[in-house]
Amino acid sequence: VIPRPIGWISTVDSNGLVNLAPYSFFNAICYRPPTVMFASGAGASDDGNKDSLRNVEMTGEFGCNIVTWDTRERMNQTSATFDKEVDEMALAGLTPAPSQLVSPPRVAEAPVHLECKHINSIEIPHWGDADRYVLVLGEVIGIHIQDDLITEEGLIDVARMLPVGRLGYNDYTVDPAVLPPGDRRLRELDYANVLPGFERVYYHEYDSVEYFARAGCGCRFFL
């Protein structure tokens with residue numbers, strides 16, 4: 001199922017320690033009340049849970065930050081597995097911004113944030129412990145949108161926002177078709193040397209470019 005939106009989920013534990021992790025099993029599912037979901041897989045901790053799931057069920061709240069082209073590399077940093085004592089937001093050099101209605105901070109560098117109250121967790125039937133996924137439902141009780149993303153008609157300027165989507169494997173995508181001619185990011189999308197640590201490995205007649213990271217998780221961007 002591709003492409004999929006990415007929910008950059010921020011949570012805190014009972015001691016206030018921040019956790020930040022991207023989830024591509026993520027989506028909005030209804031309007032009233034506005035509700036989002038993410039699915040958390042098996043974790044490496046003794047209880048078998050990822051920190052995000054444990055924190056949401058402990059505190060009853062979470063934040064969702066939308067991943068964009070400008071935050072792609074730091075999103076990738078926070079996707080790694082760390083000890084629960086590690087603050088991924090600080091590790092990736094991101095700026096915590098206080099939320100208004102929930103405890104988890106927002107990622108200031110993300111242009112859109114959703115503050116969410118935990119509704120329910122549903123364990124999905126699975127074949128074994130390693131295949132365990134838990135569906136987390138959250139009601140959106142607060143929304144923050146960067147001012148310059150809102151058009152005169154009150155709509156979101158998707159071209160200015162340029163959200164990143166998840167493909168299969170370690171592959172991600174953006175849609176350059178939403179960008180107007182001459183936009184600076186078209187040049188960025190066309191030249192691999194603007195991506196430190198990435199190199200061009202594919203180019204075809206319609207100017208589609210595939211990038212891959214030489215280090216880390218091997219994340220690739222398809223344009």
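Here are legends for a few close-up views of this predicted model.

Residues are numbered from 1 along each chain as its sequence is written, and side-chain values use heavy atoms, with hydrogens and water left out. Because the model is predicted, local features need pLDDT of at least 70 and side-chain atom pairs count only at pLDDT 80 or more, while totals for chains, interfaces and linings use all residues.

View A. A nonpolar core is a set of buried Ala, Val, Leu, Ile, Met, Phe, Trp, Tyr and Cys residues joined through side-chain atoms within 4.5 Å; buried means under 20% relative accessible area, exposed over 50%, and partly exposed in between (1.4 Å probe, protein chains only).

**View B. Strands S4 and S5.** Strands (E, at least two residues) and helices (H or I, at least four) are DSSP runs numbered from the N terminus. S4 (residues 26-30) pairs with S5 in the antiparallel sense over four bridges; pairing takes at least two DSSP bridges. Phe26 has Phe38 in S5 as its bridge partner, and a hairpin of four residues joins the two strands.

**View C. Asp51 in helix H1.** Asp51 belongs to helix H1 and counts as buried because its relative accessibility is 11%. Its side chain makes a polar contact with the side chain of Arg54 (2.8 Å). Such a contact is a pair of N or O atoms within 3.5 Å; within protein, one must be able to donate a hydrogen and the other to accept it, and residues adjacent in sequence count only if both atoms are side-chain atoms.
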